[in-house]
Amino acid sequence: MPDSRAYLTEFRPRFQPPSAADLCTPVPCMTTGQTNEEVLEVFSRHRDLVALPVVEDGRPIGLINRNIFLSQMSKQFRMELYGRKSCIAFMDKEPLVVDAGMDIDTLTVRTVECGEKALSDGFIITREGAFAGVGNGLQLMRVVADVQASRHRQIMHSIEYASVIQQSTLRTSRDALARVCPHAHLVWEPRDVVGGDFYQFSQGAGGWFGAVADCTGHGVPGAFMTLIASTSLSQAVERQGARDPAQLLGTVNRGIKQVLGQVDGGDDTPGSDDGMDAAFFWVDTAARQLTFAGARLSLHVLRPEAQEVEVIEGQRQGVGYVDSAPDYVWQNQTVALPSGSLVFITTDGLTDQVGGPRAIALGKRRLRELLLQHRAASPAEINGAVLEGLRAWQGDHNRRDDVTFLCFRI
């Protein structure tokens with residue numbers, strides 16, 4: 001695992017963010033006493049000059065656009081009429097003028113507000129009010145692109161490191177699952193670098209506890225929710241034990257609501273309405289019995305002689321949301337599992353994935369068909385078949401959500 005101190009050092013700012021001064025190009029300028037003939041001469045000498053600033057007492061008062069000026073002066077009798085007159089005749093009297101210390105973000109906003117002329121003609125840059133030079137729109141766009149690319153790289157590095165942390169927190173549960181149920185297999189695929197699904201497994205006297213949960217959102221917000229929910233679950237298991245999944249759901253429900261301040265109908269309720277769907281269960285290994293409590297997630301059971309997959313539905317009440325009453329009581333369901341029984345639990349990222357020729361959800365029926373088709377295989381092989389089926393169904397469609405599913409055999 002990377003050293004967090006080295007990581008923080010790596011992303012400590014090493015240079016000042018760019019400002020208008022970085023775009024400042026020294027160019028000739030005109031004074032109000034100079035004529036249009038002189039402007040024409042300057043444009044002739046400096047063929048790459050897009051616009052020519054006009055100053056008075058060292059302070060900018062306008063900008064002469066090269067194309068507009070040459071177009072006007074090329075018309076019949078214009079040279080005779082305007083050649084010896086002041087250069088302010090064809091001057092834009094309201095150019096964009098910015099201080100050299102202005103940051104790039106503010107400069108970008110000002111340029112957009114000023115409109116097309118600031119991008120095409122450029123803008124005047126001053127230092128303490130005095131003319132310093134000009135900047136042009138193409139330069140600005142290049143710098144903005146570089147800044148955005150740099151910020152994106154830093155954000156992605158941060159998210160990638162967050163993924164390391166998230167996976168480290170889940171590793172303990174994976175190790176626990178391998179100890180308590182060697183024939184189990186788990187798939188955890190966040191839609192983004194980090195995800196809103198999590199799992200938790202632990203060993204207890206006479207059995208083991210498992211949880212598969214789908215928190216609100218995905219990506220970084222989802223990952224924050226997994227931290228809140230998994231911490232609440234760990235504390236509940238430590239205080240109450242793991243034999244009563246329904247009680248644990250109730251405790252986590254109150255824990256999430258307390259952390260997020262989600263009180264139904266309260267005046268102080270924030271904008272957050274977040275929580276999770278979850279399947280909590282306790283496996284009594286000696287009795288070959290499973291106690292299940294579900295919050296909008298289901299349990300799929302395939303017994304050795306059964307012809308169909310039995311679906312044990314969870315209750316239609318999410319955990320931790322504003323409309324989840326603090327005193328809501330989930331119910332345990334007890335399931336007998338003869339030797340060789342297959343158990344499968346998934347978040348809705350699997351069944352809700354859009355794909356196929358009609359761009360519809362994979363659905364629970366296709367999942368049950370896959371489980372029946374591969375019932376004789378090992379849990380790892382079954383999960384591999386389900387994952388392959390998911391990817392084939394998804395095709396060219398984007399992944400919609402995080403996907404987590406667990407398969408084990410008793």
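Which residue in β6 stands opposite Arg-127? In this predicted model, Arg-127 faces Ala-130. The strands involved, β5 (residues 123-127) and β6, run antiparallel and are joined by 5 bridges. Both belong to an open sheet of 3 strands, laid out in the order β4-β5-β6 with mixed pairing. β4 (97-99) and β6 (130-135) sit at the edges with a single partner strand each, so one side of each is left without a neighbour in the sheet. From one strand to the next, the twist averages 35 degrees. As a bit of background, strands of a sheet pair through backbone hydrogen bonds, in either a parallel or an antiparallel way.

Next up is helix α2, which spans residues 36-45 and has Asn-36, Val-39, Val-42 and Phe-43 as its buried residues. These four cover an arc of only 110 degrees around the axis, which puts them on the same side of α2.

Leaving aside residues up to four places away in sequence, Thr-226 touches Gln-166, Gly-195, Gly-196, Asp-197, Phe-198, Cys-215 and Thr-231. With Gln-166 there is also a polar contact, side chain to side chain, at 3.3 Å.

Note on methods: Residues are numbered from 1 along each chain as its sequence is written. This is a predicted model: local features need pLDDT of at least 70, side-chain atom pairs count only at pLDDT 80 or more; totals for chains, interfaces and linings use all residues. Side-chain values use heavy atoms; hydrogens and water are left out. Buried means under 20% relative accessible area, exposed over 50%, partly exposed in between (1.4 Å probe, protein chains only). Helices (H or I, at least four residues) and strands (E, at least two) are DSSP runs, numbered from the N terminus. The arc is that of the directions from the helix axis to the C-beta atoms. Two strands pair if DSSP finds at least two bridges between them. Axes are lines fitted to C-alpha atoms, for helices over the stretch in contact, and angles run from 0 to 180 degrees between N-to-C directions. A polar contact is a pair of N or O atoms within 3.5 Å; within protein, one must be able to donate a hydrogen and the other to accept it, and residues adjacent in sequence count only if both atoms are side-chain atoms. Contact means heavy atoms within 4.5 Å.
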